[in-house]
Amino acid sequence: MGVLYVATTHSHLQITFVPVRDTLITLQTTMTDLENSLATIMEVFHKYAEKEGDKHKLKKSELKDLINEELPALTGQVKDQATMDSLMESLDTDGDSELDFQEFMTFITMVTVCCHDFCEHHEDE
Ligand SMILES: [Ca+2]
Ligand SMILES: [Ca+2]
């Protein structure tokens, strides 16, 4: 089993035969920056979520570690317990005191939008 690739470069017609296993490797290495970024977000979430308790959810201490270790330049170190409490409270929409991936993505969206607005504001000056 394999896949035939047909590509036209300038006036040459190029046909390459690639076995399926290599095709999968090619797909992984040709992911776009955006695709890689999304994969990284998922990896980071699971890396911290599986540390304690429910492996698919972030408890407050896991979220704190994630913020302090993975977002130090953007959010600064969160040492204040009250800040963590109110952050967790505002993100935890189903009230189980943990963040599932969807709730975590709300946080990532907030941070990304803040950074984007900040950068845009600075570009205008
Ligand atoms: Ca967990
Ligand atoms: Ca929750």
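Residues are numbered from 1 along each chain as its sequence is written, while chains are lettered from A and ligands numbered from 1 in the order in which they are written. Because the model is predicted, local features need pLDDT of at least 70 and side-chain atom pairs count only at pLDDT 80 or more, whereas totals for chains, interfaces and linings use all residues.

The secondary structure of the protein chain comes to 6 helices and 2 strands, where helices (H or I, at least four residues) and strands (E, at least two) are DSSP runs numbered from the N terminus. Read from the N terminus, the elements follow the order β-β-α-α-α-α-α-α. Of the 125 residues in the protein chain, 12% are buried; a residue is buried if 20 or more other C-beta atoms lie within 10 Å of its own, exposed if 12 or fewer, and partly exposed in between, with C-beta atoms placed from the backbone.

Helix H2 covers residues 33-49, and its 17 residues should span 24 Å at 1.5 Å a residue, which agrees with the 24 Å between its end C-alpha atoms; the expected span is 1.5 Å times one less than the number of residues. In H2, Phe 45, Tyr 48 and Ala 49 are buried. These residues cover an arc of only 105 degrees around the axis, which puts them on the same side of H2, the arc being that of the directions from the helix axis to the C-beta atoms. The face turned away from the buried side carries exposed residues, among them Asp 33, Glu 35 and Glu 43.

The largest nonpolar core has 10 residues in all, including Phe 45, Tyr 48, Ala 49, Leu 66 and Phe 104; such a core is a set of buried Ala, Val, Leu, Ile, Met, Phe, Trp, Tyr and Cys residues joined through C-beta atoms within 7 Å.

| Helix | Residues |
|---|---|
| H2 | 33-49 |

Two residues are in contact if their C-beta atoms, placed from the backbone, lie within 7 Å. Leaving aside neighbours within four places in sequence, Leu 66 is in contact with Val 44, Tyr 48 and Leu 58, and Asp 100 with His 56 and Lys 57.

Asp 100 lies in the loop between helix H5 (81-91) and H6, and is partly exposed, with 17 other C-beta atoms within 10 Å.
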